[in-house]
Amino acid sequence: MASILEEIVAHKRKEVEERRELYPVKLLEKSLYFPAMPVSLRGYLRRTDRVGVIAEIKRRSPSKGDINKHISVEQLSIGYMQAGASALSVLTDKRYFGGQAEDLSTARRFNFCPILRKDFIVDEYQVLEAKSIGADVVLLIAAALRPEEARSLGALARSLGLEVLLEVHNEDELKRYACPEASIIGVNNRDLSTFKVDTATSERLVSLIPQEFSRVTESGISDAGTIRRLKSAGFEGFLIGEAFMRHSKPEEACRKLIQQVLQGEQAA
């Protein structure tokens, strides 16, 4: 996975240069969404009428191949929110995940919730682009950046009103990358060297995350019991993609899971 990440980042840098030529920054700044006030993911994760699910639109992945190619972003994004999701995560990487920037703009057009741009952000251009397509939050992956790059990109995002979700995989990344420019720490339960997914990673790291950060857990979450356990541990957000997208109707899988979480909380 580490070598795949290196490959993705190398390709992403080339892709950014191509997009910069096609869509100059001055053009991005003329977007309808560029001057808009972003919606706070932190605020939505703390709403008492939601359980904190961040529902992801994800067509494929490098490790699993095609997951669900034939989706309508419009219908699915609306369906996720009607199901009770707290926010949306939209994959905008085309080569490796089958997404595109236009997917996020489509979701934005039909929803007023927080939307995370899920991509491999390695350049300031992508942060400006995220704002121009309607994103409220950008993902910065520690494993793909140097600490100073993460801080610089985070500072730019914050200056645009965007929130930053900083993704870490282990204690070392958390210690080296946690910075004031990020307001949300996401713990990815997938080991980049083995592909193994273990939610114990989140349980191990949660107490090490400073209180000023909102906490999101990612990967390997597919049942209500896991959500309730991780919520009790201190997590506010639960990013779920594949567990939903493998269903023919991902929004129904989302609705069912959220209902199970709520029923469990009521029973407790």
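A crossing of two helices is called right-handed if the near helix is turned clockwise from the far one by less than a right angle, and left-handed if the turn is anticlockwise. In this predicted model, that term applies to α10, which passes α12 in a right-handed crossing.

**Helix α12 and its partner α10**

Helix α10, made up of residues 224-233, packs against helix α12, residues 250-267, at an angle of about 55 degrees, and their axes lie 9 Å apart. Angles under 35 degrees count as roughly parallel and those from 65 to 115 as roughly perpendicular, and α10 and α12 are therefore oblique to each other. On the α10 side the contact is made by Ala224, Ile227, Arg228 and Lys231, while α12 contributes Leu257, Gln260, Val261, Gly264 and Glu265. Sorted by class, the contact of α10 with α12 holds four nonpolar, two polar and three charged residues.

**Helix α4 between two contacts**

Helix α12 also packs with α4, here at an angle of about 10 degrees and with the axes 8 Å apart. With the limit for roughly parallel set at angles under 35 degrees, α4 and α12 are therefore roughly parallel to each other. The crossing in which α4 passes α12 is right-handed. From α4, the residues Leu76, Gly79, Tyr80, Gln82 and Ala83 meet Pro250, Glu251, Cys254, Arg255 and Ile258 in α12. This contact of α4 with α12 divides into six nonpolar, two polar and two charged residues.

Helix α4, which spans residues 73-83, packs as well with helix α5, residues 101-110, at an angle of about 50 degrees, and the axes of these two helices are 9 Å apart. These helices, α4 and α5, are therefore oblique to each other, and α4 passes α5 in a right-handed crossing. Val73, Glu74, Ser77 and Ile78 of α4 make this contact together with Asp103, Thr106, Ala107 and Phe110 of α5. The classes represented in the contact of α4 with α5 are four nonpolar, two polar and two charged residues.

| Helix pair | Angle | Distance between axes |
|---|---|---|
| α10 and α12 | about 55 degrees | 9 Å |
| α4 and α12 | about 10 degrees | 8 Å |
| α4 and α5 | about 50 degrees | 9 Å |

**The two largest pockets**

The largest pocket of the model has a volume of about 580 Å³. Its lining is formed by 31 residues, and those that lie nearest the centre of the pocket are Lys58, Lys118, Asn188, Arg190 and Ser219. Two or more residues of this lining come from each of the elements β6 (137-141), β10 (237-240) and α11 (242-245). By class, the lining of the largest pocket comprises 14 nonpolar, eight polar and nine charged residues.

The second largest pocket contains about 260 Å³ of space. It is lined by 18 residues, of which Glu15, Arg19, Thr92, Lys94 and Ala101 are the closest to its centre. The elements that give two or more residues to the lining of this second largest pocket are α1 (2-22), α5 and α6 (124-133), and α1 gives the most, with seven residues. The lining of the second largest pocket divides into three nonpolar, five polar and 10 charged residues.

Note on methods:
Residues are numbered from 1 along each chain as its sequence is written. This is a predicted model: local features need pLDDT of at least 70, side-chain atom pairs count only at pLDDT 80 or more; totals for chains, interfaces and linings use all residues. Side-chain values use heavy atoms; hydrogens and water are left out. Axes are lines fitted to C-alpha atoms, for helices over the stretch in contact, and angles run from 0 to 180 degrees between N-to-C directions. Helices (H or I, at least four residues) and strands (E, at least two) are DSSP runs, numbered from the N terminus. Angles under 35 degrees count as roughly parallel, over 145 as roughly antiparallel, 65 to 115 as roughly perpendicular and the rest as oblique. Contact means heavy atoms within 4.5 Å. Ala, Val, Leu, Ile, Met, Phe, Trp, Tyr, Cys and Pro count as nonpolar, Asp, Glu, Lys and Arg as charged, and the others, Gly among them, as polar. On a 1 Å grid over the protein atoms alone, a cavity is a set of points where a 1.4 Å probe fits but cannot get out, and a pocket is an open set with protein on both sides within 12 Å along at least five of seven lines; lining residues have an atom within 4 Å of a point. Grid points are joined across faces, edges and corners, and a volume is the space filled by probe spheres set on the points.
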